[in-house]
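Let's walk through this protein together, one question at a time. Keep the sequence and the model open beside you as we go.

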Amino acid sequence: MKHDCHYHPGDPAKWHCGECQIHYCTRCMPDADVRQRKALCPSCSKAMRYLGAATEVIPFWNRIGSFFRYPFHSDPLIVIAICTLVPLIAPANLIGILIWLLLALALFKYTYAVINHTAEGHLKPPSVSVAFTGSGFNIVILQLLVFIFMGGLVGAAAMLGGPLLMLLALAFVVLALPASIMVLAMERSVGAAVNPMNLAVLISRIGSPYFLLYGYLILLTLASGVAQDFAHNHFPFWFSQPLSGFLNSTFTLILFNMLGYLLFQYQEELGFASDIQDETAAVDMQQRDRSTRFDADIDMNLKDGNYDRVQGMLKEALKRNRDDALRIGQLYQLLIARNDTTELYHFHPRILDWLASRSDGEGIASLLGMLEAAEPGFKLEDPELAVRCARCLYQRGQYKPAIRLLQDFHKRFPESDELAPAYLLIAQSLANGLDQWEKATAYLTFIQKRCEKHPLHEQIPVYLAQAEKQELLKGPKASFAMPD
Ligand SMILES: [Zn+2]
Ligand SMILES: [Zn+2]
């Protein structure tokens, strides 16, 4: 089954959080470790399932060879060797029988663990210790109960409905046996393993591949029988006995590995989640790329409409890094969209600085308008920032806001080095923008009188001459000091 990303419809989902039931695409999970197939849910921080694998699972009929190689790993070989060879040298008394029983139990437990292990996506066999430690030895009794129940079912059918019904019951039991073993291995419950509804649902969800698997199971069982028969007829008893035991265990492991793999392959249909497991060490999830993760989180929260949360995240980020231009820009856009004048007022020095660095005269003008509406008579506290903003305004033809921004500059910042450029800007706005040559001349004269030490001072006569002739105030030709 294909899923789309919850936040990017049309993009195939690569991750699924079982907890939140949300699908995420690669764009939403920039911090995911695709190689290790590990990612934490952005919403609940739980590990997520990698969906890429769900479509990547090789169908079992294309990897039959791997099933036959499965028992020939060191772990299963050791288990089989211990369980088939040790009883041979055990004493022929009660203790010997006890040892034999215990080892049979361990082998049984190990084979059932193979189903779980494979279904969880481990393509390598479980370790030796699984056979001899932990709980789960009761699986033998459970499987025995299942067989007894199934026998009883067939018997009851025979008594109630005669041979025909018995045959039908027998057919169902035989057909459902692999499904029953799978359910028993996964759920460890006799009730679930013999519930006809359970088994029918499992078989129907898997569909025809179940019967394909069934064919393989019959072939394997026959092959195992023939091989054991051959061993009994052609080798002495001391050799044929362990060989037959070994063959039996090997074929059982192959069968159970197939059953587990069938569960793994149809995990989506069967409603449980697992993934191919890497046995390598867990990746350090601390090394997630924080800033890309942050961007993806913002994107998701915006799409979810969690504006307060996004605002909080941005403010938090700005606490850590005061002058993070990217975050200031994002906060500005969010605050403008939400028309949040209070917060705009709070962040206005940094936002204006950001707008000025982008020469966004329109943005500055509209923000100043909002600030003025929120606080009539609003003035910028930072002379240098005021001049930078005014210059942007002037360049975008916003003459009146530029002049308003710099009004009374000499009273508010009498000692500032920015006084000369500020009043030159006013003069240029007045003359070039508003055709007020006399007022412009007044400001130029002011600079001439008051700012003798400023580098601009020596250019003032040129500006004054231009104002005299009512030309555009451009300054000296070779000067790059003031763009017009
Ligand atoms: Zn996405
Ligand atoms: Zn989650």
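Q: At roughly what angle do the axes of helix H18 (residues 399–406) and H20 cross?
A: Happy to start there, with the reminder that this is a predicted model. The axes of H18 and H20 come within 9 Å. The crossing of these two helices is left-handed. Their axes cross at roughly 155 degrees.

Q: Is H18 roughly parallel or roughly antiparallel to H20?
A: The crossing angle of H18 and H20 is roughly 155 degrees. Angles over 145 degrees count as roughly antiparallel. H18 is therefore, relative to H20, roughly antiparallel.

Q: Which residues of H18 make the contact with H20?
A: On the H20 side, the contact involves Ala-422, Leu-425, Ile-426, Ser-429, Leu-430, Gly-433 and Leu-434. Taken by class, the contact of H18 with H20 has nine nonpolar, two polar and no charged residues. From H18, the residues are Tyr-399, Ala-402, Ile-403 and Leu-406.

Q: How are H17 and H20 oriented to each other, roughly parallel or roughly antiparallel?
A: Helix H17 spans residues 383–395 and helix H20 spans residues 419–434, and their axes come within 10 Å. They cross at roughly 20 degrees, and angles under 35 degrees count as roughly parallel. So H17 and H20 are roughly parallel.

Q: Which residues of H20 make the contact with H17?
A: The crossing of H17 and H20 is left-handed. H17 brings Val-387, Ala-390, Arg-391 and Tyr-394 to this contact. By class, the contact of H17 with H20 holds six nonpolar, two polar and one charged residues. From H20 come Pro-421, Ala-422, Leu-425, Gln-428 and Ser-429.

Q: How many charged residues are in the contact of H15 with H17?
A: This crossing is left-handed. H15 supplies Pro-349, Leu-352, Asp-353 and Ala-356, while H17 supplies Leu-385, Arg-388, Cys-389 and Cys-392. The contact has six nonpolar residues and no polar ones, and the number of charged residues is two.

Q: Is Asp-408 buried or exposed?
A: Asp-408 lies in the loop between H18 and helix H19 (409–412). Its phi is positive, about 55 degrees, although Asp-408 is not a glycine. With 8 other C-beta atoms within 10 Å, and 12 or fewer being the cut-off, Asp-408 is exposed.

Q: Near what value is phi of Arg-188?
A: Arg-188 is in the loop between helix H6 (139–187) and helix H7 (190–194). It counts as partly exposed because there are 16 C-beta neighbours inside 10 Å. Arg-188 is a residue other than glycine with a positive phi, near 55 degrees.

Q: Which residues does Asn-116 contact, leaving aside neighbours within four places in sequence?
A: Asn-116 sits in helix H4 (residues 94–119). Because it has 19 C-beta neighbours inside 10 Å, Asn-116 counts as partly exposed. Its contacts beyond those close sequence neighbours are Ala-185, Met-186 and Gly-260.

Q: Which residues does Leu-334 touch, not counting residues up to four places away in sequence?
A: Leu-334 belongs to helix H14 (residues 325–338). It counts as partly exposed because 17 C-beta neighbours lie inside 10 Å. The residues it touches are Tyr-307, Val-310, Gln-311 and Leu-314.

Terms used: Residues are numbered from 1 along each chain as its sequence is written. Chains are lettered from A and ligands numbered from 1 in the order in which they are written. This is a predicted model: local features need pLDDT of at least 70, side-chain atom pairs count only at pLDDT 80 or more; totals for chains, interfaces and linings use all residues. Axes are lines fitted to C-alpha atoms, for helices over the stretch in contact, and angles run from 0 to 180 degrees between N-to-C directions. Helices (H or I, at least four residues) and strands (E, at least two) are DSSP runs, numbered from the N terminus. Angles under 35 degrees count as roughly parallel, over 145 as roughly antiparallel, 65 to 115 as roughly perpendicular and the rest as oblique. A crossing is left-handed if the near helix is turned anticlockwise from the far one by less than a right angle, and right-handed if clockwise. Two residues are in contact if their C-beta atoms, placed from the backbone, lie within 7 Å. Ala, Val, Leu, Ile, Met, Phe, Trp, Tyr, Cys and Pro count as nonpolar, Asp, Glu, Lys and Arg as charged, and the others, Gly among them, as polar. A residue is buried if 20 or more other C-beta atoms lie within 10 Å of its own, exposed if 12 or fewer, and partly exposed in between; C-beta atoms are placed from the backbone.
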